Amino acid sequence: MAVATPEDLAALMTRVAAGERAALRHLYEATSSKLFGVCLRILSDREESEDVLQEVYVTIWRRADRFDASRASVMTWVSTIARNRAIDRLRARGPLAYADQIEDLQIPDSALGAEALLAAAGEEGRLRNCLSELDDRTEKVIRTAFFEGVTYEALARRMDTPLGTVKSWVRRGLARLKGCLER
Amino acid sequence: MSEAPDLSETEALAAEHALGVLTAGERRLAEARMASDPGFADLVEAWRARLTPLLDAAPSIAAPEGLWARIERMLSANDNAVAQRALRFWRGATAGASLLAAASIATAVFLASQPPVVVQPPAPGQLLNASLVSPSGTTPVPLFVAAYDPVRKALIVTSLVQPGTDPVHVHELWVIPADGKPRPLGFIEPGKTKAMPMPANLLPSLAAGSQIAVSVEPPGGSPKVDTPSGPIAAVGKLAQI
């Protein structure tokens with residue numbers, strides 16, 4: 001797989017939007033490993049992740065004309081689609097999937113690969129540092145929401161805490177996160 | 001950590017949408033707001049950009065062999081991108097009661113993998129061509145192509161709409177010259193190419209710069225006198241190539 005720069009990817013997206021199938025193929029070659037990793041991280045199931053990855057590229061093909069390079073990078077845009085699709089699938093598993101207590105949630109930071117360690121020096125590292133500055137509970141809630149798409153209501157049920165309280169934790173956490181990332 | 005200022009209500013909602021804590025109904029509202037409120041859409045995108053690096057911690061894993069082939073089959077199966085876009089354009093081009101009519105023929109559009117039929121009558125150099133696209137579209141997708149041959153005094157029209165699936169409506173052709181008044185030219189069936197002899201009184205209208213349009217009409221054509229009654233499905237300007 002050739003390494004594609006953000007500019008390469010943006011140029012590819014323009015061609016995908018024009019309905020050029022070969023461009024979608026190039027985009028697939030440049031991004032599918034990353035997006036498959038994202039699906040697996042969220043779903044922990046290979047077969048479901050394959051199905052979702054397939055949907056992701058069909059979605060990219062359909063919505064390519066809505067990509068706006070002035071608003072988002074291609075990588076953020078396609079990663080958001082992959083995450084949302086994977087979360088949709090997770091939600092479709094039904095309420096049982098949300099039966100775990102939040103204390104039991106595994107946050108597999110220790111399972112980082114070499115690539116992730118490299119990335120940790122960059123944006124992800126900054127975000128990780130800022131998240132770690134939050135209190136543990138807030139960090140956990142934000143990570144859980146992000147990786148599982150758990151709604152406030154479900155978080156409140158899981159944590160046996162009033163919805164308003166969970167909401168204010170998350171909002172305060174997000175405000176602090178923003179402040180930290182802007183430092 | 002020092003206390004950060006609270007997020008505004010709007011930004012908090014954008015952040016919550018990016019994070020994924022909203023209920024299905026709230027998510028739909030947020031999506032709709034993104035479509036109509038660019039400032040809000042920018043806030044959501046900014047929060048996505050802030051949070052997406054979390055995904056960097058997920059290691060890259062090669063997708064299985066053969067997955068691309070599966071994707072490619074799905075692209076073919078629902079002939080999606082261009083036809084979907086065309087559908088949106090056509091819906092955008094219509095209003096009220098006309099919506100159903102346009103949507104029903106829009107579902108018949110088959111475009112993505114369909115190269116326009118090449119129309120090659122004689123009289124090169126004098127031929128006027130028009131590629132007719134949806135008037136509200138941002139991506140020019142030809143739905144019809146037309147060529148006027150001044151030597152034979154005929155308009156050759158090709159419909160790129162899939163044949164046979166919208167028996168309820170007809171597609172009526174119009175020329176709109178510089179005076180802005182539409183003149184009916186006749187009908188074109190989905191998927192067909194036909195040469196339409198042009199009567200003498202219409203010849204002055206068939207000049208470079210005139211528009212050729214297609215409206216969606218009940219059988220028999222527009223019940224109104226000399227003006228389309230249904231939505232304009234496609235429009236294009238005559239020009240020398």
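**Chat notes**

Reply: Starting with one residue: Asp68(A) is partly exposed, because it has 13 other C-beta atoms within 10 Å. The cut-offs: 20 or more other C-beta atoms within 10 Å of a residue's own makes it buried, 12 or fewer makes it exposed, and partly exposed is in between, with C-beta atoms placed from the backbone.

Me: Before we go on, what kind of model is this, and how is the numbering done?
Reply: This is a predicted model, where local features need pLDDT of at least 70 and side-chain atom pairs count only at pLDDT 80 or more, while totals for chains, interfaces and linings use all residues. Residues are numbered from 1 along each chain as its sequence is written, and chains are lettered from A and ligands numbered from 1 in the order in which they are written.

Me: OK, back to Asp68(A). Where does it lie?
Reply: Asp68(A) is in the loop between α3 and α4 (74-92) of chain A. Helices here are DSSP runs of H or I with at least four residues, strands are runs of E with at least two, and both are numbered from the N terminus. Asp68(A) is 54 residues from Thr14(A) in sequence and 9.6 Å from Thr14(A) in space, C-alpha to C-alpha.

Me: And Gly164(A), buried or exposed?
Reply: Gly164(A) counts as exposed, because it has 10 C-beta neighbours inside 10 Å. Its place is in helix α9 (residues 163-181) of chain A. Gly164(A) and Tyr152(A) are 12 residues apart in sequence, with 8.7 Å between their C-alpha atoms.

Me: Zooming out, how many helices and strands does chain A have?
Reply: Chain A has nine helices and zero strands. Of its 183 residues, 37% are buried. Among its contacts between residues at least 6 apart in sequence, 68% join residues at least 24 apart; a contact means C-beta atoms, placed from the backbone, within 7 Å.

Me: What about α3 of chain A, how does its span check out?
Reply: Helix α3 (residues 46-63) of chain A has 18 residues, so at 1.5 Å a residue it should span 26 Å, and its end C-alpha atoms are 25 Å apart, which agrees. The expected span is 1.5 Å times one less than the number of residues. Buried residues in α3(A) include Ser49(A), Val52(A), Tyr57(A) and Trp61(A).

Me: Which residues of α6(A) are buried?
Reply: In helix α6 (residues 123-132) of chain A, they are Glu124(A), Leu127(A), Cys130(A) and Leu131(A). They cover an arc of only 125° around the axis, so they sit on the same side of α6(A). That arc is taken over the directions from the helix axis to the C-beta atoms. Exposed Asn129(A) and Ser132(A) are on the face turned away from the buried side.

Me: Switching to the cores. Which residues touch the most other members in the largest nonpolar one?
Reply: Among its 65 residues, those are Val16(A), Cys39(A), Tyr57(A), Ala86(A) and Ala145(A). A nonpolar core is a set of buried Ala, Val, Leu, Ile, Met, Phe, Trp, Tyr and Cys residues joined through C-beta atoms within 7 Å. Helix α2 (residues 21-43) of chain A gives the largest share of this core, 11 residues.

Me: What is Tyr57(A) in contact with?
Reply: Apart from neighbours within four places in sequence, Tyr57(A) contacts Leu24(A), Tyr28(A) and Ile71(B).

Me: That last one is in the other chain. How many residues of chain B are in contact with chain A?
Reply: 45 residues of chain B are in contact with 54 residues of chain A. On chain B's side, α3(B) gives the most, with seven residues.

Me: And the rest of chain B, what's its secondary structure?
Reply: Chain B comes to six helices and nine strands, and 39% of its 241 residues count as buried.

Me: How do β2(B) and β3(B) pair?
Reply: Strand β2 (residues 142-149) and strand β3 (residues 154-159) of chain B are antiparallel over six bridges; pairing requires that DSSP finds at least two bridges between two strands. Ala147(B) is opposite Ile156(B) in β3(B). Their hairpin has four residues between the strands, and Lys153(B) there takes a positive phi near 55°.

Definitions and conventions
Two residues are in contact if their C-beta atoms, placed from the backbone, lie within 7 Å.
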